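Here are my notes for when you open the viewer.

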Number of protein chains: 2
Amino acid sequence: MIKVVIIGGGNVAYHLTSCLLKNKHIELIQVFNRSLDKIQYLKNKTLITNNLSELKEADIYIISVSDDAISKLSSSLNLQNKLVVHTSGSVAMNELQSKSRKGVFYLLQTFSKEKKIDFNTIPICIEAETDKDLKLLKTLAKSISKNIYHINSEQRKGIHVGAVFVNNFVNHLYHIGYEICKENKVPFEILHPLIQETASKIVELTPFEAQTGPAKRNDTKTIQKHIAMLPKNQQEIYTLLTKSISKTYE
Amino acid sequence: MIKVVIIGGGNVAYHLTSCLLKNKHIELIQVFNRSLDKIQYLKNKTLITNNLSELKEADIYIISVSDDAISKLSSSLNLQNKLVVHTSGSVAMNELQSKSRKGVFYLLQTFSKEKKIDFNTIPICIEAETDKDLKLLKTLAKSISKNIYHINSEQRKGIHVGAVFVNNFVNHLYHIGYEICKENKVPFEILHPLIQETASKIVELTPFEAQTGPAKRNDTKTIQKHIAMLPKNQQEIYTLLTKSISKTYE
């Protein structure tokens with residue numbers, strides 16, 4: 001049974017903790033967080049601490065803190081011959097400063113505390129310095145999800161930018177759709193089926209094939225009508241994305 | 001039984017035709033298209049014609065052609081005391097030039113010929129000049145979908161712009177994600193679960209609540225790293241959307 005310690009209490013750590021507690025192949029032996037308050041809810045389920053020198057013996061230490069804090073936190077760890085990994089999309093493996101073995105365990109998903117998540121399909125991007133550690137991370141990953149990828153630090157940085165486009169930016173366009181519905185006194189739910197279909201379409205077609213609408217068919221009349229209806233901030237976004245779609249289909 | 005004639009052979013007409021042919025409450029008595037070739041596949045299922053003067057008697061005539069063609073086509077119709085509707089999101093009801101009764105039957109969904117679609121959840125936005133015609137359109141709509149909305153022309157134009165943001169623009173961001181994956185020699189499938197989760201998240205949370213990522217938390221270090229990695233076209237989009245997200249959470 002793989003013994004794991006989780007270091008951190010943010011959204012990723014929260015969901016990963018909850019996932020590992022239910023996992024019969026993993027023993028989550030401890031969770032660390034600077035503020036004990038935030039992990040107090042775990043006290044009857046596993047050990048908790050806010051003191052790095054109190055970390056218990058484990059096979060893998062998973063650092064799941066903000067990108068900026070990874071380097072400093074890892075340098076404070078006094079763990080010899082242990083595997084220490086972080087869960088960040090944009091931080092290279094060698095930014096870990098621990099004297100121990102290094103690796104990455106990046107969960108390619110969006111996590112909000114309020115939204116339950118099915119780990120089974122989450123792509124887990126793993127990286128390690130040695131084949132042996134890669135194998136260990138693979139065993140851990142396989143006990144959680146069926147989508148495991150061996151990804152190096154450069155590729156991971158690329159994927160992370162891609163994730164910003166298809167998640168953060170997409171969600172912001174949903175937000176604009178929400179605002180437009182409010183403006184027109186129509187419930188946002190009216191756009192839900194379109195949003196779901198847009199997402200499910202690209203499982204069967206490439207996004208290039210799936211595209212429709214005025215920008216693709218260069219329907220300048222409709223485009224002009226739309227732009228005239230929008231406030232300035234939305235006009236800028238509409239114009240830039242329309243231009244970019246047009247170029248794609250030139 | 002409501003008798004329907006469909007005028008047009010594009011993506012919407014294609015899917016609507018196929019839906020109505022299977023519908024036991026509707027009699028699809030004829031399909032018109034300028035080019036007979038495009039609707040030849042229907043010849044054993046319903047009447048087909050490329051001559052507007054040959055249109056058969058029906059209760060509802062559904063014009064499903066490009067926005068630009070609606071006005072002219074409707075003016076060529078010689079149908080007295082019949083209900084003529086179009087299926088466009090951005091054309092007002094009174095742009096119909098037929099001498100007959102007018103209405104709108106807007107299917108708020110993205111249609112590609114290659115992708116099957118479940119009509120049952122498609123929001124259908126209906127509009128008519130009289131309560132009687134609205135009732136008739138409601139009966140037709142209810143036989144197809146459970147999501148019926150009574151929407152006026154102004155609201156519909158707004159919704160259509162919203163649809164461009166959450167569909168066309170979102171799909172273009174998927175396309176950029178696809179390009180980034182290709183660039184990094186990673187299969188695009190790695191982003192699929194994130195794309196699906198991003199879409200399903202906003203059924204439970206508002207997009208405002210669902211947002212995560214560097215732009216929201218004003219993580220300028222990550223933002224700068226990302227921008228440095230991108231080609232110019234993607235840089236512009238990244239910068240503008242990041243600015244817009246930041247403003248939303250100021």
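1. Strand S4 of chain A, residues 60-63, is covered on both faces. A:Ile60 and A:Ile62 are buried on one side, and A:Tyr61 and A:Ile63 are buried on the other. Keep in mind that this is a predicted model. The split into two sides makes sense because side chains in a regular strand alternate between the two faces of the sheet.

2. Now look at what S4(A) pairs with. Strand S1 of chain A (residues 2-7) pairs with S4(A) in the parallel sense, over four bridges. To find your way in the viewer, pick A:Ile6, which stands opposite A:Ile62 of S4(A).

3. Strand S5 of chain A, residues 83-86, also pairs with S4(A), again parallel and over four bridges. Here the handy landmark is A:Ile60, with A:Leu83 of S5(A) standing opposite.

4. On to the contact between the chains: chain A puts in 81 residues and chain B puts in 81 residues. On the chain B side, several helices supply at least two residues each, among them H2 (67-75), H5 (192-204) and H8 (232-248). Which helix gives the largest share of that side? That would be H4(B), with 25 residues.

Methods:
Residues numbered from 1 in each chain as written. Chains lettered and ligands numbered in written order. Predicted model: local features only at pLDDT ≥ 70, side-chain atom pairs only at ≥ 80, totals over all residues. Contact = placed C-beta atoms within 7 Å. Buried ≥ 20, exposed ≤ 12 C-beta atoms within 10 Å, placed from the backbone. Pairing = 2+ DSSP bridges.
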